[in-house]
Amino acid sequence: MSDSEPPRRKTLSLKSAVAAPGGPPPLERMVKPSARTTVFTPPAAAPPPPPPVPVVGDWKCKPCGTRFDPPTELAAEDHVRCPSCNARLGLASDFRADPPNVAKLRARWLKKA
Ligand SMILES: [Zn+2]
């Protein structure tokens, strides 16, 4: 009666799906080849300081603080203007007065003792 043992199930296909030798490596391995940069880097590569700006001018524009010299080619009744902000700082004659008529000027005389 009993014919024989039941046929064995083939589990080959299942096995090969689980363990895939020679498959692609896991993603963690593919991050990047650890670049060993043992080059000494200074803590802060500070840029070189800008060269000192030569201080020019005995006057300082009150509105913007720029130092300047009143142009000598101006007529006495001409207005001296700031070379930076173009503000009218006063008459050239007031700049040239000795001592300069600072009360009328919108500039500060830096040579004042
Ligand atoms: Zn100015």
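Start with the open sheet: three strands in the order 2-1-5, paired in the antiparallel sense. Its edge strands, each pairing on one side only, are strand 2 (67-68) and strand 5 (107-109). Pairing here takes at least two bridges found by DSSP between two strands. Strands are DSSP runs of E with at least two residues, helices are runs of H or I with at least four, and both are numbered from the N terminus.

Before you click further, note that this is a predicted model: local features need pLDDT of at least 70, side-chain atom pairs count only at pLDDT 80 or more, and totals for chains, interfaces and linings use all residues. Residue numbers start from 1 along each chain as its sequence is written.

**Colour by confidence.** pLDDT is the predictor's confidence in each residue, on a scale from 0 to 100. The chain averages 80, and 66% of the residues score at least 70. Confidence is lowest in helix 1 (residues 12-18), with a mean of 58, and highest in strand 4, at 98.

**Zoom out to the whole chain.**

**Select strands 1 and 5.** Strand 1 (residues 59-61) runs antiparallel to strand 5, and three bridges hold the pairing. Click Cys-61 and look across: its bridge partner in strand 5 is Ala-107.

**Stay on Ala-107.** Is Ala-107 buried or exposed? It counts as buried because it has 25 C-beta neighbours inside 10 Å. Contact means that two C-beta atoms, placed from the backbone, lie within 7 Å. Leaving aside neighbours within four places in sequence, the contacts of Ala-107 are Trp-59, Lys-60, Cys-61, Lys-62, Leu-89 and Gly-90. For a distance check, draw a line to the C-alpha of Phe-68: the two C-alpha atoms are 9.5 Å apart, with 39 residues separating them along the chain.

**Now show the core.** The largest nonpolar core has eight residues: Trp-59, Cys-61, Val-80, Cys-82, Leu-89, Phe-95, Leu-105 and Ala-107. Such a core is a set of buried Ala, Val, Leu, Ile, Met, Phe, Trp, Tyr and Cys residues joined through C-beta atoms within 7 Å. Pick Cys-82 from that set. Setting aside neighbours within four places in sequence, Cys-82 is in contact with Cys-61, Pro-63, Cys-64, Thr-66, Phe-68, Ala-87 and Leu-89.

**Move to the hairpin.** Strand 3 (residues 79-81) and strand 4 (residues 88-91) are antiparallel, joined over three bridges. His-79 sits opposite Leu-91 in strand 4. Six residues lie between the two strands of this hairpin. Select Asn-86 in the loop between strand 3 and strand 4: its phi is near 65°, a positive value in a residue other than glycine. Asn-86 is exposed, because 11 other C-beta atoms lie within 10 Å.

**Last stop, Pro-99.** Where is Pro-99? Look in the loop between helix 2 (92-96) and strand 5. The peptide bond joining Asp-98 and Pro-99 is cis, with omega about 0°.

How values were computed:
Buried ≥ 20, exposed ≤ 12 C-beta atoms within 10 Å, placed from the backbone.
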